[in-house]
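Please give the cut-offs along the way.

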Amino acid sequence: MKKITRNIILLALLLLAAGIYYYMALPAINIHAAGFWMALELLIAFATVIHAFTQLRKRSNDNIVPMQSKEKMLKEMKGVKLGGGLFILTLLIFAAGNLLSSPIINADKYQKLLNVKESDFTEDIQQTNYNTIPLLDKDSAELLGNRKMGSMVDMVSQFEVGSDYTQINYKDMPVRVTPLVYANEIKWLTNQKAGIPAYIRIDMATQNTECVKLDQTIKYSKAEYFNRNIYRHLRFRYPTYIFDDQIFFEIDDEGTPYWVCPVKKFNIGLFGGQTVGNVVLCNAVTGECTDYPVDEVPTWIDKVYSAELLTELYNYYGIYKHGFFNSILGQKDCLKATNGYNYIALDDDVWVYTGVTSVSGDQSNVGFVLMNQRTMETKYYKIEGAIEDSAMSSAEGQVQNLGYRATFPLLLNISDQPTYFMALKDGAGLVKKYAMVNVQKYQWVAIGDTVKECEKAYVTLLATNGISEVKDNHEIYETVTGKITAIAPVVIEGNTHYYVALENTGLMFDVDLSDQKLIGIIRYQAGDQIQMTYTPEESGLQPVTEIR
């Protein structure tokens, strides 16, 4: 009877330990997950220690002298030996799995994980529309988000801005979105029943920052502690799925918040050749989950493959062209991505941009790649030029007396010239100027207080240096004359704009007073006649360039 009771207690302890570990560590029940093998080893070790302890205690209680009961002692030690053997076996399987999945043995398979197509720069990347490119990086977005949160007096004492800041395309505009999170554990305790009431949305082109309040609050997030924690919610719904380390906060076209959760797929052995096999889409409000094969995800989703994963896959493609040992010794034809990346919006998708350079560490690029974060489609452009770090240093050199620092550049098409575009920020992280640097001639640098000034200076610079058929991206202007039906000043991120409506045009014009030559707009009022030159846009506000 005592033996049965002891076994029940042992089993209960094992189940309790396993349950606590599973709830806290959330390992996937999948042989491809390293966490599964770690959990198995811990379970075997715990069971072996408990068994050895109970046997020693039993012998002590029975007052058995070891020399008088050698056969019984050996019998009791069988359980300990079995546990030790299982522990070593699982450890060997894990080690062998890592080795057999590694590039040392499978370099050719790693190299073929990513399909790279060579493409034409001027065909794929059209002349730039500055209303659709992100002028800010993540650090600047965080400053805007924190500033906006500070003005929300009804929420600032209870919530903070999350650190996600996912860059997506929202209604054909580049935006970053991030949820609010509870300010601390006490604030979670007092607010978790109601949930998180809003998220932050930042237009990366206009810097317009909104705190979007929800009719139904976010109940499933990274900020929760128990069953509503998004990772725990996913694990209980999909116990065998190995979710990527990064899950993405996104919003659909109606502004509903979701978590986009990529599921890892291992293509080489037990642990090698990671890509994405499935995507679980979780409604952040209701917790409802939908599982999609990776090639069937809704088109409004922008983030399936993280930038880090895509960069890693490209490095496999570039480094292992002639096998593993060549990548270490001869390094013939070995290429890798440069040490940074940025995002470009093309065809309603978000593409990761990074330069391609030699593994030898020289200061030049042999080309660059664009990698689609939804489909993994990858395009290579063979354009030699300076690496991004050199271009950033060149731009900083133009304003070295001011001490401004350059952001990691975007790649733009300016007059059919591949051009690095970057913001220049002061020590407080505020954008003060913009710079354009020619990719192939990185000593050609143009600086401007506004994007338009910067582009104008850059186009002039190209013409000065003999670039034929220079095209001004905004060479097509239109002039309109009419009676003002409505005029109103608005302040956008500290800058004053005047919105003007003219009779019989159906358009709304944007007069930005940061351009000093437009300051005369303040003398006009409704009913006045005015003539304006503007850059025509397909929709939205029409930017005014001149008032007559």
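The count of salt bridges comes to 12, where a salt bridge is a side-chain nitrogen of Lys or Arg within 4 Å of a carboxyl oxygen of Asp or Glu. Side chains of opposite charge can pair when their charged atoms come close. The model is predicted: local features need pLDDT of at least 70, side-chain atom pairs count only at pLDDT 80 or more, and totals for chains, interfaces and linings use all residues. Residues are numbered from 1 along each chain as its sequence is written, and side-chain values use heavy atoms, with hydrogens and water left out.

Take D124 and K379. These two form a salt bridge, with the closest N and O atoms 3.6 Å apart. The pair links distant parts of the chain: D124 sits in helix α5 (residues 121–124), K379 in strand β15 (residues 378–381), and 255 residues separate them. Helices here are DSSP runs of H or I with at least four residues, strands are runs of E with at least two, and both are numbered from the N terminus. How exposed or buried are the two partners? D124 counts as partly exposed because its relative accessibility is 23%. K379 counts as buried because its relative accessible area is 19%. The cut-offs are these: buried means under 20% relative accessible area, exposed means over 50%, and partly exposed lies in between (1.4 Å probe, protein chains only).

Next come D154 and K213. Their salt bridge has its closest N and O atoms 3.0 Å apart. D154 lies in the loop between α6 (138–150) and β2 (159–161), and K213 lies in strand β6 (residues 209–218), so the bridge ties together parts that are 59 residues apart in sequence. K213 is partly exposed, at 48% relative accessibility.

K222 and D164 make another salt bridge, at 2.8 Å from N to O. Here, too, distant parts of the chain are linked. K222 is in the loop between β6 and α8 (230–237), D164 is in the loop between β2 and β3, and the two are 58 residues apart. K222 is partly exposed, with 33% relative accessibility. D164 is buried, with a relative accessible area of 16%.

Now turn to a buried position. P262 lies in strand β8 (residues 257–268). Why does P262 count as buried? Its relative accessibility is 0%, so P262 falls in that class. Leaving out residues up to four places away in sequence, P262 touches I242, F243, D244, Q246, I247, F248, V276, N278, V279 and V304. A contact means heavy atoms within 4.5 Å. K213, by comparison, is 49 residues from P262 in sequence and 27 Å from P262 in space, C-alpha to C-alpha.

T206 is in the loop between β5 (196–203) and β6. This residue is partly exposed, with a relative accessible area of 39%. T206 and N169 are 37 residues apart in sequence and 14 Å apart in space, C-alpha to C-alpha.

On to surface patches. Patches are made of residues with over 30% relative accessible area and no salt bridge; like charges are joined within 9 Å, and nonpolar side chains (Val, Leu, Ile, Met, Phe, Trp, Tyr) within 5 Å. Which residues form the nonpolar patch? They are L99, L100, I104, I105, F325, I328 and L329, with about 750 Å² of accessible area together. The elements giving two or more residues to this patch are α3 (70–100), α4 (103–111) and α10 (324–328). L329 is in the loop between α10 and β11 (335–337). At 67% relative accessibility, L329 is exposed.

A negative patch is formed by D172, D253, E254, D347, D348 and E377. Asp and Glu count as negative and Lys and Arg as positive; His and the chain ends are not counted. D172 is in the loop between β3 (166–170) and β4 (173–182). D172 is exposed, at 56% relative accessibility.

Finally, the whole chain. The secondary structure comes to 12 helices and 26 strands. The C-alpha atoms fill a box of roughly 110 × 60 × 45 Å, taken along the principal axes. Of the 548 residues, 49% are buried. Among contacts between residues at least 6 apart in sequence, 53% join residues at least 24 apart.

How values were computed
Areas by Shrake-Rupley, 256 points an atom, 1.4 Å probe, with all protein chains shown as cover. Charge placed at Lys NZ, Arg CZ, Asp CG, Glu CD.
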